[in-house]
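Welcome! Work through the exercises below with the model open beside you, and try each task before reading its solution.

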Amino acid sequence: MKETTDYSPMQRYVLVALRILVGWHILYEGFSKLLIPNWSSIGFLNESKWLLSGVSKWIVSNPGVLNAVDFLNTWGLIAIGLGLILGLFTKPAAISGAILLFVYYLNNPPLIGLEYTVPTEGSYLIISKTLIEAMALVVLAVFPSGLFAGLDIFVHQYRNRNK
């Protein structure tokens with residue numbers, strides 16, 4: 001892996017800014033779900049019309065599984081967002097976030113012929129903001145932005161001290 005000193009200050013600032021911005025968005029998404037009484041992913045899952053529609057229908061038809069998915073979704077978003085903002089376990093947080101967002105995308109992609117009853121805030125064709133944010137998380141997973149500014153600095157020091 002490249003040393004963190006091999007990056008220019010501008011590269012480090014931009015990667016840290018991207019990490020914090022995406023982290024904030026993901027954290028807020030999770031936190032808002034936590035604050036909404038009786039929030040459930042059932043509406044999103046019922047809209048699924050593509051590759052994961054069968055899995056989504058199965059989740060919706062099993063209340064215990066739906067409750068587990070809602071719990072994991074909410075707290076997963078919160079943990080991923082906090083990890084990104086704090087720069088703590090940045091790589092696993094970024095990979096987890098990218099996978100989660102890609103699952104969202106595979107449930108409801110903006111493809112020709114797929115009609116959704118829930119209105120969207122923009123016009124998309126194949127590429128959506130969800131897919132773009134997932135790719136931004138992949139970028140963050142391959143760069144050590146937690147070592148530029150984040151608690152990963154202390155984790156890295158602890159691991160190196162114990163070698």
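**Exercise 1. Confidence**

What is the mean pLDDT of the chain, and what share of its residues reach 70 or more?

*Solution.* Keep in mind that this is a predicted model. Step one: the mean pLDDT of the chain is 90. Step two: 90% of the residues reach 70 or more. Confidence is highest in α4, with a mean of 97, and lowest in helix α8 (residues 152–161), with a mean of 88. A word of care: where pLDDT is low, predicted coordinates should not be read in detail.

**Exercise 2. The overall fold**

*Solution.* Finally, turn to burial and surface. Of the 163 residues in the chain, 36% are buried. The chain exposes about 10100 Å², and carbon and sulfur atoms supply 70% of that area.

**Exercise 3. A salt bridge**

Which residue forms a salt bridge with Glu 29, and how far apart are the closest N and O atoms?

*Solution.* Start with the general idea: side chains of opposite charge can pair when their charged atoms come close. Here the partner is Lys 33, and the closest N and O atoms are 3.3 Å apart. The cut-off for a salt bridge is 4 Å, so this pair qualifies. The structure holds one salt bridge.

Now place the two residues. Both Glu 29 and Lys 33 belong to helix α1 (residues 9–35), where they are four residues apart, or about one turn of the helix. An α-helix has 3.6 residues a turn, so residues three or four places apart point the same way.

Last, compare their accessibility. Glu 29 has a relative accessibility of 31% and is therefore partly exposed. Lys 33, with a relative accessible area of 15%, counts as buried because the cut-off is under 20%.

**Exercise 4. Helix α4**

What span should the 24 residues of α4 have, and what do its end C-alpha atoms show?

*Solution.* At 1.5 Å a residue, α4 should span 34 Å. The end C-alpha atoms are 34 Å apart, so the two values agree.

Next, look for the buried residues of α4, which include Leu 66, Asp 70, Leu 77, Ile 78 and Gly 81. The cover over the buried residues of this helix includes α1, α2 (42–46), α3 (53–61), α5 (90–107) and α6 (129–142).

Then examine Ile 85, which also lies in α4. Its relative accessibility is 25%, so Ile 85 is partly exposed. Leaving out residues up to four places away in sequence, Ile 85 touches Arg 19, Ile 20, Gly 23, Trp 24 and Leu 27. Ile 85 and Val 22 are 63 residues apart in sequence, and their C-alpha atoms are 8.3 Å apart.

**Exercise 5. A nonpolar patch**

Which residues make the nonpolar surface patch of about 640 Å²?

*Solution.* The patch is made by Phe 31, Leu 34, Leu 35, Phe 71, Leu 72 and Trp 75. To see where they come from, note that α1 and α4 (63–86) each supply at least two residues. Take Leu 34 as an example: this residue sits in helix α1. With a relative accessible area of 38%, Leu 34 is partly exposed.

**Exercise 6. Positive phi angles**

Where is Asn 38, and is it buried or exposed?

*Solution.* Asn 38 is in the loop between α1 and α2. At 80% relative accessibility, Asn 38 is exposed. Its phi is positive, near 60°, although Asn 38 is not a glycine.

Now move to the loop between α4 and α5, where you will find Phe 89. This residue is not a glycine either, and its phi is positive at about 50°. Phe 89 is partly exposed, with a relative accessible area of 42%. A glycine with positive phi, near 65°, is Gly 87, which follows α4.

Methods: Residues numbered from 1 in each chain as written. Heavy atoms only, no water. Salt bridge = Lys/Arg side-chain N within 4 Å of Asp/Glu carboxyl O. Buried < 20%, exposed > 50% of the residue type's maximum accessible area, 1.4 Å probe, protein only. Areas by Shrake-Rupley, 256 points an atom, 1.4 Å probe, with all protein chains shown as cover. Patch = residues over 30% accessible without salt bridge, like charges linked within 9 Å, V, L, I, M, F, W, Y side chains within 5 Å. Expected span 1.5 Å × (residues − 1). Contact = heavy atoms within 4.5 Å. pLDDT = per-residue confidence, 0-100.
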